[in-house]
Amino acid sequence: MADRTIILTIVEEAWTGPGSVLDLFLESFRIGQETKWLLNHLIIVTVGRQAFQYCKSLHPHCFQLTPIGVSKPPTGEQLHKHSRDRHDLLHKVLQLGYNLVFTEVDVMWFRNPIPHFNPQDEVTIPCDLELKYGSNKQDRGLFYVKSNDISVEFFNYLKLVGVLYPNTPFESLCEIATDQEIMEMHGMRIKFLDKAYFGGFCQPLKNNSEVYTMQANCCEKIESKVHDLKLVLDDWNNFTGQSSNNSLGTLSSWRAPDKCIQ
């Protein structure tokens with residue numbers, strides 16, 4: 001974008017293919033309110049050759065992270081390593097001088113949250129601060145990081161911690177951002193977005209009509225995730241189809257999670 005901001009996601013082969021999570025992710029941008037143009041600034045980082053080939057068939061901005069294919073859902077140990085690899089990748093992007101909006105690929109974008117990001121703060125993120133520290137339910141699968149010396153040094157610190165203490169449970173930025181001692185030590189300024197606008201299957205929203213994003217978290221089986229995300233997109237289409245005179249109706253509830261809670 002004009003201010004050197006990019007949107008970035010990472011997808012593995014298990015989440016690609018016709019009717020996949022990646023397909024639904026891209027579709028959400030197309031049907032969201034004023035979100036379609038954001039696709040011009042979205043970079044999809046793929047893990048695996050087949051994921052890269054499929055990405056290129058759908059989207060102009062794909063980057064292959066590694067030629068080693070991953071055809072099965074990752075194990076817990078692999079997920080832990082992937083979180084380290086993700087921090088390394090984000091660190092390199094920040095070093096290049098790009099502000100970044102990172103989004104998990106199972107986050108559906110229905111409205112553009114970027115105007116709510118504070119360009120003065122190094123991190124902007126929606127977190128459920130009422131939940132216990134270390135719970136992945138804190139996370140909403142989305143955050144913004146401003147590129148400057150402070151943020152670059154901070155991600156360098158995370159990389160160093162990952163090498164020296166590989167069992168440190170830093171799986172999400174929410175876990176780190178809520179550690180006040182770490183944030184203050186590095187001079188990191190952080191803005192927490194109102195969780196009421198960023199939903200997930202772990203965290204039902206009170207006001208569904210004002211949703212910005214919805215994540216299919218708390219759902220391990222890919223088939224269940226795809227099924228329920230299709231329900232989410234259908235509900236959104238029905239909701240926006242009620243609009244008249246540029247005003248929207250009311251979205252009383254989502255049909256998802258359905259299979260994800262079974």
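Buried means under 20% relative accessible area, exposed over 50%, and partly exposed in between, with a 1.4 Å probe and protein chains only. Helices (H or I, at least four residues) and strands (E, at least two) are DSSP runs, numbered from the N terminus. This is a predicted model: local features need pLDDT of at least 70, side-chain atom pairs count only at pLDDT 80 or more, and totals for chains, interfaces and linings use all residues. Residues are numbered from 1 along each chain as its sequence is written, and side-chain values use heavy atoms, with hydrogens and water left out.

**View 1. Helix 1 is mostly covered.** Helix 1 spans residues 21-31. Of its 11 residues, 9 are buried. They are V21, L22, D23, L24, F25, L26, S28, F29 and I31. The cover includes strand 1, strand 2, helix 2 (49-58), strand 4 (99-103), strand 5 and helix 7 (222-240). Contact here means heavy atoms within 4.5 Å.

**View 2. E13 sits in the loop between strand 1 and helix 1.** E13 is buried, with a relative accessible area of 11%. In sequence, E13 and A51 are 38 residues apart. In space, C-alpha to C-alpha, E13 and A51 are 4.6 Å apart.

**View 3. The second largest pocket holds about 240 Å³ of space.** A pocket is an open set of points on a 1 Å grid over the protein atoms alone, where a 1.4 Å probe fits, with protein on both sides within 12 Å along at least five of seven lines; lining residues have an atom within 4 Å of a point. The volume is the space filled by probe spheres set on the points. I6, L8, I43, V45, F63, L65, D85, D88, L89, K92, V93 and L96 line this pocket. Helix 3 gives the most, with 5. By class, the lining has 9 nonpolar, no polar and 3 charged residues. Ala, Val, Leu, Ile, Met, Phe, Trp, Tyr, Cys and Pro count as nonpolar, Asp, Glu, Lys and Arg as charged, and the others, Gly among them, as polar.

**View 4. Three strands form an open sheet in the order 5-10-9, with mixed pairing.** Two strands pair if DSSP finds at least two bridges between them. Strand 5 (107-109) and strand 9 (198-200) stand at the edges, each with a single partner strand, so one side of each has no neighbour in the sheet. Strand 9 and strand 10 (residues 213-215) run parallel, joined by 3 bridges. G200 stands opposite Q215 in strand 10.
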